[in-house]
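This briefing goes through one protein model, topic by topic. Please look over the sequence and the structure before reading the points below.

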Amino acid sequence: MWLAVGVAALWLAAVAVAGLVLRHAIDELFDSALQEVAQRVLPLAYAELLSRDGGASTTQHMARIGPHREYITYVVRDAEGRELLQSSDADLMKIPRGLSPGFHTTERLRTYTEAAVQGTVLVTTAEELAHRGAALRHAVAALIWPLVALVPIALLGVWLSVRLSLKPVVAFRRAIEARGRGNLAPVAGEGLPDEMAPVAESVNALIERLRGTLEAERGFTANSAHELRTPIAAALAQAQRLVAELPEGSGVERARSVVTALRRLARLSEKLLQLAKAEGGGLLAETPAPLGPVLRHVIGEIERQSDGGDALVVLILPDGGPLSDLDPDAFAILARNLIENALKHGTPDTPVRVYLGADRFEVSNHGAVVPADLLQRLIRPFERGPTRSEGSGLGLAIAAAICRGAGLSLQLASPIPDDIDGFRATVRFTAPPRA
């Protein structure tokens, strides 16, 4: 559009300049014609007057030769202003009298006067200024009319050329837009213009560096988990054996305190590793998969490892749950933290409801109402609500980090909608993007 507007503006500017040049040229041309007509008529008029009978003073009109329009007319007068000879259309012009030799311009005429025989014979030629204006307008219109056709042709030509030349760029952009958030494969950049080829190379290099960074983070998380769990488990086993071997007394109490602290440390290290995984990336799978089997596996683990499994009321769609590109391990961490948080902080002997639907995952429990000003702070690390239960304050922070990194929405509500108390955490799923 801007190119077409620029071409039109330059064309109009050129027409304006050409109009000024044409006007100057037309004035020179027609002034020369006026002068030439006067100089040619003057000797003929003088000869005509000499051939007249003495005393004849009537005005002689030149006969019209065929139907035509006179653009330049003339009139011959004597020194007293009497008309002696004139062209056929001179009366229509109404050429003024008493004009001195040379060019003159009136409101509607351009005239030229030539004198002879010591000023006794004067020839005045005249042309309407409207004739010159019409000639200029016709010339300018002849330059402007092609612009009417040029602008649409220029728009179409520019649009087609830009569309064809940028077709590989559009395909490159769509390839980036269409891939999932977890797809870190290189983007095909064949056929790109020379100006865009370095951009494609830089994008692919950035993706490769990002892939390497995420793989390094995953490796660090896995290695850290192994390195931390092994010594903590060994120390916990030794402390438990020490409790079993010591006689009752102050020593065994201190050993039990060590066992409790080591268990708390094991849980805290596990939560910190989960938080590191949630914040470090790698939360999306390259291909969508159903989440129902993952949730059933998490529920089974919780039932085996704790005595709170009987309090769970689980509802999962029979077709395997929704398809999502969320990494199964990440969803397992998310679900486990939300369910354990509900079991830990909910009112005893009340059910914890777990629902996995087509568009959301919900965990709700009964308990004290969380104030609205505290509700959004619960997703911060080590932030705890109004509860006396033990915990690290990392469960909701881990869930929020996973949702944030995977592009999901985590909504907290207290009390439960349409209820008087309780707490509900809802994870909203989005449709998995096309690969």
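Does R336 count as buried or exposed, and at what relative accessibility? R336 counts as buried, at 16% relative accessibility, because the limit for buried is under 20%. The model is predicted, and the protein has 435 residues, of which 36% count as buried.

**Overall make-up**

- The protein contains 9 helices and 13 strands.
- Its accessible surface comes to about 25600 Å², and carbon and sulfur atoms account for 60% of that area.
- Taking contacts between residues at least 6 apart in sequence, 62% join residues that are at least 24 apart.

- Side chains of opposite charge can pair when their charged atoms come close.
- The structure holds 12 salt bridges.
- One of these joins R336 to E301, with 3.2 Å between the closest N and O atoms. R336 sits in helix α7 and E301 in helix α6 (residues 292-305), so this pair ties together parts that are 35 residues apart in sequence. R336 is buried, whereas E301 is partly exposed, with a relative accessible area of 23%.
- Another salt bridge joins E253 and R256, whose closest N and O atoms are 3.0 Å apart. Both residues belong to helix α5 (residues 250-280), and because they are 3 residues apart there, about one helical turn separates them. E253 is partly exposed at 43% relative accessible area, and R256 is partly exposed at 34%.
- The side chains of R360 and D359 also meet in a salt bridge, at 3.4 Å from N to O. R360 counts as partly exposed, with 23% relative accessibility. D359 is partly exposed too, with a relative accessible area of 36%.

**E127 and its network**

- A network of salt bridges links D27, D31, R110, E127 and R132.
- E127 is located in strand β6 (residues 121-128).
- E127 is buried, with a relative accessible area of 0%.
- The side chain of E127 makes a polar contact with the side chain of R132, at 2.9 Å.
- Which residues does E127 touch, leaving out those up to four places away in sequence? They are F30, L34, Y71, I72, M93, R108, L109, R110 and R132. R110 and R132, both on that list, are also members of the salt-bridge network.

**Aromatic pairs**

- The count of aromatic pairs comes to 2.
- F103 and Y112 form a tilted pair, with 4.7 Å from centre to centre and 45° between the planes. F103 counts as partly exposed at 31% relative accessibility, while Y112 is buried, with a relative accessible area of 8%.
- F331 and F361 form an edge-to-face pair: their ring centres are 5.5 Å apart and their planes stand at 70°. The pair counts as edge-to-face because its planes are over 60 degrees apart.
- F331 lies in helix α7 (residues 328-345) and F361 in strand β11 (residues 360-365), so the pair ties together parts that are 30 residues apart in sequence. F331 counts as buried at 0% relative accessibility, and F361 is buried with a relative accessible area of 0%.

**A nonpolar surface patch**

- Y46, L50 and V117 form a nonpolar patch on the surface, and together they have about 280 Å² of accessible area.
- L50 belongs to helix α1 (residues 2-50).
- L50 is exposed, with a relative accessible area of 58%, because exposed means over 50%.

**P231 in helix α4**

- P231 is found in helix α4 (residues 197-245).
- P231 is partly exposed, with a relative accessible area of 46%.
- How many Å separate the C-alpha atoms of P231 and A266? The separation is 9.9 Å, and the two residues are 35 residues apart along the chain.

Notes
Residues are numbered from 1 along each chain as its sequence is written. This is a predicted model: local features need pLDDT of at least 70, side-chain atom pairs count only at pLDDT 80 or more; totals for chains, interfaces and linings use all residues. Side-chain values use heavy atoms; hydrogens and water are left out. Helices (H or I, at least four residues) and strands (E, at least two) are DSSP runs, numbered from the N terminus. Buried means under 20% relative accessible area, exposed over 50%, partly exposed in between (1.4 Å probe, protein chains only). Contact means heavy atoms within 4.5 Å. Accessible areas come from the Shrake-Rupley method with a 1.4 Å probe; for residues, only the protein chains shown count as cover. Rings of Phe, Tyr and Trp (its six-membered ring) pair if their centres lie within 6.5 Å; planes under 30 degrees apart count as stacked, over 60 as edge-to-face and the rest as tilted. Patches are made of residues with over 30% relative accessible area and no salt bridge: like charges are joined within 9 Å, nonpolar side chains (Val, Leu, Ile, Met, Phe, Trp, Tyr) within 5 Å. A salt bridge is a side-chain nitrogen of Lys or Arg within 4 Å of a carboxyl oxygen of Asp or Glu. A polar contact is a pair of N or O atoms within 3.5 Å; within protein, one must be able to donate a hydrogen and the other to accept it, and residues adjacent in sequence count only if both atoms are side-chain atoms.
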